[in-house]
Amino acid sequence: MELFTPESGLLFWMLIVFLTVLFVLWKFAWPSITKAIANREKYINDSVKAAEEAFSKLESIKEERNAILAKAREEQNAQLKEVQILKDKLIEDAKSQASTEANKLIAEARLSILAEKEQALKEVRDQVAMLSIGIAGKVLRKNLENDTTQQDLVNRILDEMNTLKN
């Protein structure tokens, strides 16, 4: 059992060495260790604060981004509505212009048709008149072959003219 029980002299020197090491550590090592730990703690706290600030900035940037996106969507929708209104107006203007143009062309075509109809009727009348004169001439030649019938015709025409004047 002697191996496990130390002698008092050994205990004394071990205590002296321990207290000396403790004093040296306390005087020189502990301040630098505690200073390093304090610096490390401060660095960690600063890093946590910086991370929290970065996180809050990131959140505010996300909110700004969402607000900008919402505003951009609203502007896009407004522009799309304006474009739709403009498109509808252009289509309506084109339709009305086409309708006006068509009505104008129809009116011009009607006038042209009426003019051509009048021209055709005039030509028909002229041809009918020429045919009538030709037929009348042939009939009159046959009927007016002798002088007495000619004299009777002239007298009859003069009498008709006199009755028309009165």
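This report describes the overall dimensions, surface and aromatic contacts of a predicted model.

Local features require pLDDT of at least 70 and side-chain atom pairs pLDDT 80 or more, whereas totals for chains use all residues. Residues are numbered from 1 along each chain, and side-chain values use heavy atoms, without hydrogens and water.

The chain contains 2 helices and 0 strands (DSSP runs of H or I with at least four residues, and of E with at least two). Its radius of gyration, taken over C-alpha atoms, is 64 Å, while a compact globule of 166 residues would have one near 15 Å (2.2 Å times the number of residues to the power 0.38). Along the principal axes, the C-alpha atoms fill a box of roughly 195 × 40 × 25 Å.

Buried residues account for 1% of the 166 residues (buried is under 20% relative accessible area, exposed over 50%, partly exposed in between; 1.4 Å probe, protein chains only). The accessible surface of the chain, from the Shrake-Rupley method, is about 15,700 Å², with 64% belonging to carbon and sulfur atoms.

| Residue | Relative accessibility | Class |
|---|---|---|
| F12 | 45% | partly exposed |
| W13 | 54% | exposed |
| I33 | 38% | partly exposed |

I33 lies in helix α1 (residues 8–143). A nonpolar surface patch of about 1,100 Å² includes I33, W26, W30 and I37.

The structure holds 1 aromatic pair (ring centres within 6.5 Å). The rings of F12 and W13 have centres 5.3 Å apart and planes at 70 degrees, so the pair is edge-to-face (over 60 degrees; under 30 is stacked and the rest tilted).

Conventions: Rings of Phe, Tyr and Trp (its six-membered ring) pair if their centres lie within 6.5 Å; planes under 30 degrees apart count as stacked, over 60 as edge-to-face and the rest as tilted. Patches are made of residues with over 30% relative accessible area and no salt bridge: like charges are joined within 9 Å, nonpolar side chains (Val, Leu, Ile, Met, Phe, Trp, Tyr) within 5 Å. Accessible areas come from the Shrake-Rupley method with a 1.4 Å probe; for residues, only the protein chains shown count as cover. A salt bridge is a side-chain nitrogen of Lys or Arg within 4 Å of a carboxyl oxygen of Asp or Glu.
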